[in-house]
Amino acid sequence: MIMLPQRGFSRRKLLQWSGLSGASLLLGGCGTNLLSNQVGQISEPLNQSLESLMLSQRPVPEYPVSAIEPDKLLINTFDLTPQIDPAQFSLTLDGDVNRPMQLSFADLQKLPLTSMVIQHVCVEGWAAIVQWGGVRLRDLIALAQPKPGVRYVYFQSADGYYESWDLASSLHPQTLMAYQKNGQPLSAENGAPLRLASPVKLGYKQSKWVTQITFVNQLMPMKGYWEDQGYEWFGGL
Ligand SMILES: Nc1nc2c(c(=O)[nH]1)N[C@H]1C(S)=C(S)[C@@H](COP(=O)(O)O)O[C@H]1N2
Ligand SMILES: [Mo]
């Protein structure tokens, strides 16, 4: 169970800004059956603009497992750590998509697991080589099927943190919704049950405790927890 109330933008506000009604949310909730029918369809073609964005992605070189620096990844959390029971967890995919859905943690674990060893870089002056394991965000995007106008992706977290990413970085083959760190299940402090992990973005773009991923055509006034306090939006590495 998610113990903290969501802060940051409310779901209603997000829907207002993105010009969506609540109706698309009601279509979610059929997660498990929907997913088991669709796991085989991840390679289904996306719309053409998504396909060409995916082809433009170049993988970032990875490190060997021997390079992992287990003690160097510092916990960086702006507020309290949510304690989320994975059995109660669900991830909502919504916004301007053909197939809004909710996925349980068990659903996510049925999807292909990708593991990578990359460097995490925090703008506060530290970095760590970490192994992350999880689901490629592009696989979730392929399930939800964004409509052609979608250009940005919003991530809402259980601690009230929020982020927005460009679609290209979200489709990068090494952008993961991770549930493992250094070969172990993610700890609560590191964002369990599900967090962003990617070698193409700075640390503050990598939301922990992600509960909702929303696809939109335009950026909204709230762009990200740190961005709205002056940090650069793209946050590329
Ligand atoms: N939900 C949430 N995600 C977050 C943060 C946060 O405070 N809340 N901090 C960010 C920052 S600044 C960094 S560097 C990384 C740190 O991840 P770690 O605590 O697992 O090392 O998480 C990012 N994701
Ligand atoms: Mo950070």
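User: What does arginine 195 do with ligand 1, and at what distance?
Analyst: A polar side-chain atom of arginine 195 lies 2.6 Å from an oxygen atom of ligand 1. This is a predicted model: local features need pLDDT of at least 70, side-chain atom pairs count only at pLDDT 80 or more, and totals for chains, interfaces and linings use all residues. Residues are numbered from 1 along each chain as written, chains are lettered from A and ligands numbered from 1 in written order, and side-chain values use heavy atoms, without hydrogens and water.
User: How much of ligand 1 does the protein cover?
Analyst: It covers 99% of the 530 Å² of accessible area that ligand 1 has on its own (Shrake-Rupley method, 1.4 Å probe).
User: And backbone atoms close to an oxygen of ligand 1: what about asparagine 76 and phenylalanine 78?
Analyst: A backbone N or O atom of asparagine 76 is 2.9 Å from a ligand 1 oxygen. For a polar backbone atom of phenylalanine 78, the distance is 2.8 Å.
User: How does the shell around ligand 1 divide?
Analyst: Into 9 nonpolar, 8 polar and 3 charged residues. Here Asp, Glu, Lys and Arg count as charged, and Gly is among the polar ones.
User: What does its side chain reach?
Analyst: The side chain of serine 164 reaches the backbone oxygen of lysine 223 at 2.6 Å.

Key
Polar contact = N/O pair within 3.5 Å; in protein donor to acceptor, adjacent residues only side chain to side chain.
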